[in-house]
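Visitor: Could you give me a close look at one part of this structure, with the cut-offs behind each term? I would like one connected account.

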Amino acid sequence: MASNTLTPQDCDSQIMNSQFYKDVIAGLGSTPKHLDSKYFYDAAGDKLFQDLMSCDEYYPTNCEMEIFTSQTAEICEAMMGNGDAFDLIELGAGDATKSSHLLRYLIDNKADFSYMPIDISDNVISLLNITLPVTLPGINITGLNGEYFDMLKKAAAMSNRRKVVMFLGSNIGNMPVADAQEFAKELRRHLSPGDMVFVGIDLKKSPKTVLAAYNDSEGITKQFNLNLLHRINRELHGNFNIDNFDHYAVYDPETGACRSYLISLTQQEVMVGDKLIHFEKDEYIFMEISQKYTMAQTEEMAIQAGFKATAHFTDSKNWFTDAVWLAV
Ligand code: AVJ
């Protein structure tokens, strides 16, 4: 056998050494059980999230798009400040559909900037490096593949230009409030006075509207959650029977937390790798939090982290905000 051929045992040890495997085993081994929503986004999950974004009940994407298309100039002027050169860093850029509206305006208006998308997926970064110069001629792009804060350090080492950091789409909502506050503080530590954060935050609204977005009638959100069990089967040699789980979403208007669970419909045993996991009937796996804020709470978070909230852009329904936080 050639020395570079992997035996089945090597494959298993590669799986069992992966962070994904470790996190899944730790999460399903805890009481209560939980999985990390950052693992939703494999190729199938990306596709389901795309479907979700074009579903009427899932409003956040439409709201943020409305903000970017109806207030492009105002947003870009805020980013450009007095016209000095800057690095426009995007955390979790994805396919950059949303930010491309802003990028086009900045290019058309001769802004002196370099676009630096950061993503954990090296696929995403290599794709952006190839596609953006075609769709946005004249763009100066440096994609960074890695963890947000590691890559922010790298960006700071690459240039001493002013930084504008975009964190869009209410991705900050996937953290509980205390973690989001800590994240904002950590972000501030990587920036200097005069730098700016442009953050998309989903606002509190009618509880029925919020719940419908995470419990859509077509069941896309359900598939999106169940896909993580499929992914565990595919990548970690799991044997989840997907039909034995149902999706359950709740929104608490008091705390603003929208939470998703998968509920075990029967008492059952599931294998993941070499681990046996027991489920009681009706036992839940906590899957995801999508936290909603009041405008006042977002401003308080900015202040606590060492920023001044200098502007906020909202959609016509006041359901979503993109806030400008200046590092002070
Ligand atoms: C991509 C994190 C903003 O929480 O609204 C959509 C993910 N989860 N439907 C969100 C998601 C269920 C989404 N974010």
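**Cysteines, then a closer look at strand β2**

Guide: Searching the whole structure turns up zero disulfides, a disulfide being a pair of cysteine sulfur atoms within 2.5 Å. For C55, which is in no disulfide, the nearest cysteine sulfur belongs to C63 and is 13 Å away. C76 is in no disulfide either; its nearest cysteine sulfur, again that of C63, is 19 Å away.

Some ground rules: this is a predicted model, where local features need pLDDT of at least 70 and side-chain atom pairs count only at pLDDT 80 or more, while totals for chains, interfaces and linings use all residues. Residues are numbered from 1 along each chain as its sequence is written, and side-chain values use heavy atoms, leaving out hydrogens and water.

Now to strand β2, residues 86-91. Helices (H or I, at least four residues) and strands (E, at least two) are DSSP runs, numbered from the N terminus.

Strands pair if DSSP finds at least two bridges between them. β2 runs parallel to β3 (residues 113-119), with six bridges, and I89 has M116 as its bridge partner there. From β2 the chain passes through helix α6 (residues 97-108) to β3 in a right-handed β-α-β crossover: with the strands pointing away from the viewer, the path from the first strand over the helix to the second runs clockwise. β2 is also parallel to β5 (residues 162-167), joined by five bridges, where I89 partners V165.

Methods:
Buried < 20%, exposed > 50% of the residue type's maximum accessible area, 1.4 Å probe, protein only.
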